[in-house]
Amino acid sequence: MVKMEFPDQAKIWGLVMCFMFQMGQGYYLPGSYPHNYAVGSHLSVKVNSLTSIETEIPYGYYSLPFCPPQEGVKDSAENLGELLMGDRIENSPYRFKTYVNESEIFLCQTKPLSGEEFGLLKKRIDDMYQVNLLLENLPAIRYTTKEGYFLRWTGYPVGIKVQDAYYVFNHLRFKVLLHKYEEPNVARVMGTGDAAEMIPATDKPEPEVPGYMVVGFEVIPCSSVHDVNVAKNLKMYDKYPSPIKCDPSTVAMAIKEGQPISFTYEVEFELSDIKWPSRWDAYLKMEGSKVHWFSILNSLMVITFLAGIVLVIFLRTVRRDLTRYEELDKEAQAQMNEELSGWKLVVGDVFRAPACSSLLCVMIGDGVQILGMAIVTIMFAALGFMSPASRGTLLSGMLFFYMILGIAAGYVAVRLWRTMGCGDSKGWASVSWRVACFFPGISFVIFTILNFLLWGSGSTGAIPFTTYFVLILMWFCISVPLTLIGGYFGAKAPHIEYPVRTNQIPREIPAQRYPSWLLVLGAGTLPFGTLFIELFFIMSSIWMGRVYYVFGFLFIVLIILVVVCAEVSLVLTYMHLCVEDWKWWWKSFFASGSVSIYIFLYSINYLIFDLKSLSGPVSATLYLGYSLFMVTAIMLATGTVGFLSSFWFVHYLFSSVKLD
């Protein structure tokens with residue numbers, strides 16, 4: 001086998017082309033190394049938390065009377081992201097032999113159901129809880145046909161209620177899709193030209209025997225009645241003596257208090273043409289791609305049209321005023337100053353420090369940190385480095401990038417604070433501390449309250465105490481020091497010089513025809529219009545159990561959002577200056593940050609109309625708590641974009657006017 005060599009420049013261009021062509025779906029890099037199994041090799045199924053879109057509260061698999069494995073229940077290795085998402089992956093008694101079809105495999109017969117177990121099973125069935133199984137990191141997928149539509153679901157229901165009786169799915173029919181290959185070189189298996197460079201080769205020759213890779217995992221749940229007297233004499237993995245009919249359209253195993261439940265399964269292997277890199281296509285198939293593209297193109301057309309009109313008028317007005325002003329001599333300028341109105345009259349107050357200036361600096365610093373984290377994370381996800389195959393990687397990456405960008409947060413906040421204070425660096429450490437504790441402190445309070453609710457419910461979504469301790473250590477041992485380092489550099493960096501002097505006595509703001517805050521709150525509608533369609537897909541992935549992997553679209557939407565926020569805030573700032581309102585600092589922040597208000601209202605609408613089946617006050621409180629956290633982060637990020645663009649514009653505008 002000849003190993004193909006590619007120059008570094010070609011690799012770089014190849015990566016760029018992959019990013020461009022896969023912008024809509026995200027370039028997928030497999031999350032784990034492909035395993036080659038020989039015939040008869042053992043395959044072990046793992047279980048994840050029970051989940052439901054009715055309650056959004058996950059529970060452990062073995063909280064219900066299911067069969068435990070012979071070696072005992074053991075937790076699989078988990079990363080921080082998995083723990084924060086409520087995933088609890090454990091071993092299970094389901095075991096297969098590669099390419100060996102088996103049927104009527106007996107697992108166990110439970111003890112007679114106690115009143116508590118019977119009531120818990122009924123409650124989980126009423127709340128439509130799903131059992132989530134994993135094989136080779138692939139979730140079990142279930143295909144159904146409803147009203148002529150072909151649907152696919154991950155996991156299967158615990159049971160179903162028919163009339164007044166409750167039925168449990170105690171027999172599972174598995175289908176495992178295998179891809180056969182006979183090539184010892186992994187490069188051909190992967191189907192990529194330079195896979196041999198990414199996967200280290202060994203000098204040890206591999207045997208020329210066919211092997212199999214797991215590329216699909218399907219499940220069909222059935223409800224079957226088993227003979228109690230026969231089952232009590234069987235051991236785990238014995239063959240059930242009579243045939244078991246698995247008909248998903250009928251139910252037979254009604255649960256009753258005081259009666260045991262017997263569990264069985266069967267497995268069928270099938271060869272497939274699906275290759276290893278494509279095995280996640282069934283889960284990541286993009287729904288509504290035309291809707292994504294239509295939303296983006298519509299937003300681009302509307303925003304470009306409006307921005308073109310605004311900028312043409314805007315630039316013509318400003319440039320005309322500046323040109324006219326600079327052509328006059330000093331006496332004419334002095335006379336013109338007495339006659340002019342608008343933004344030129346607030347030249348002595350436009351850079352007056354706003355009220356609560358330190359709080360504004362802190363919020364800007366946190367906004368820079370959140371926005372930077374979002375951009376970097378979405379870029380890496382769009383390139384495929386945070387695929388669903390690596391469970392919890394996305395959340396872990398967000399935490400990592402957020403902590404690292406504490407340097408930028410401290411630097412921007414302290415330098416802006418020094419600019420408002422005319423270069424005074426005293427107290428920079430206090431500003432850095434507040435930056436490091438403001439948004440994380442709000443998040444900590446929200447998640448602590450929600451965690452107590454989850455603890456009280458006995459949910460696996462509750463963060464363990466050890467994880468809490470790890471998060472606090474990361475906060476104070478990594479994030480805070482990095483923010484202080486950034487603040488130190490901000491204190492040493494030269495502050496931004498104002499182009500004009502500020503008068504000692506503030507100018508009185510004339511009475512306005514309309515409340516200025518009304519315009520500020522209304523300005524958030526335009527940024528919201530650019531993202532509300534994508535917001536629906538994100539909300540559905542979070543609360544409806546759907547996989548979201550169109551990070552390319554999300555990256556485009558993020559760019560559009562940043563541009564629109566900058567434009568909206570810049571125009572609103574100019575409008576306020578034209579009516580001699582020099583208090584533009586906070587208004588420029590909330591002009592774009594007010595989009596969070598509409599996002600929160602949209603989340604309420606989503607709760608009422610799309611999650612109308614959400615049951616219980618705990619579930620509603622969890623939803624509102626997570627929504628509040630999300631809109632707080634969005635407010636800080638979008639408000640920061642609006643403020644920084646307005647600050648740059650005001651500085652540029654008044655630096656063009658030569659006044660003594």
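Biologist: Is the crossing of helix 10 and helix 12 left-handed or right-handed?

Modeller: This is a predicted model, in which local features need pLDDT of at least 70 and side-chain atom pairs count only at pLDDT 80 or more, while totals for chains, interfaces and linings use all residues. Residues are numbered from 1 along each chain as its sequence is written, and side-chain values use heavy atoms, with hydrogens and water left out. Helices (H or I, at least four residues) and strands (E, at least two) are DSSP runs numbered from the N terminus. A crossing is left-handed if the near helix is turned anticlockwise from the far one by less than a right angle, and right-handed if clockwise; that of helix 10 and helix 12 is right-handed.

Biologist: How are helix 10 and helix 12 oriented to each other?

Modeller: Axes are lines fitted to C-alpha atoms, for helices over the stretch in contact, and angles run from 0 to 180 degrees between N-to-C directions. Helix 10 and helix 12 (residues 406-420) pack at about 150°, their axes being 8 Å apart. Angles under 35 degrees count as roughly parallel, over 145 as roughly antiparallel, 65 to 115 as roughly perpendicular and the rest as oblique. Helix 10 and helix 12 are therefore roughly antiparallel.

Biologist: How are helix 10 and helix 13 oriented to each other?

Modeller: Helix 10 (residues 357-382) and helix 13 (residues 428-457) have axes 9 Å apart and an angle of about 60°. Their crossing is right-handed. By that angle, helix 10 and helix 13 are therefore oblique.

Biologist: How many residues of each class has the contact of helix 17 with helix 18?

Modeller: Helix 17 (residues 551-578) and helix 18 (residues 585-593) pack at about 140°, with axes 8 Å apart, which makes helix 17 oblique to helix 18. Among the residues that meet are Cys 565, Leu 572 and His 576 in helix 17 and Lys 587 and Ala 591 in helix 18. By class, the contact has 4 nonpolar, 5 polar and 1 charged.

Biologist: How much space lies in the largest cavity?

Modeller: On a 1 Å grid over the protein atoms alone, a cavity is a set of points where a 1.4 Å probe fits but cannot get out, and lining residues have an atom within 4 Å of a point. Grid points are joined across faces, edges and corners, and a volume is the space filled by probe spheres set on the points. The count comes to 1 cavity of 30 Å³ or more. The largest cavity, whose lining includes Tyr 61, Phe 66, Asn 170 and Phe 263, holds about 50 Å³.

Biologist: How far apart in space are Leu 80 and Val 470, C-alpha to C-alpha?

Modeller: Leu 80 lies in helix 2 (residues 80-85). Leaving aside neighbours within four places in sequence, Leu 80 is in contact with Ser 396, Leu 399, Thr 467, Leu 471 and Met 474. Leu 80 and Val 470 are 390 residues apart in sequence, and their C-alpha to C-alpha distance is 9.2 Å.

Terms used. 1 Å grid on protein atoms, 1.4 Å probe; cavity = no way out; pocket = protein on both sides within 12 Å on 5 of 7 lines; lining within 4 Å. Contact = heavy atoms within 4.5 Å. Nonpolar A, V, L, I, M, F, W, Y, C, P; charged D, E, K, R; others polar.
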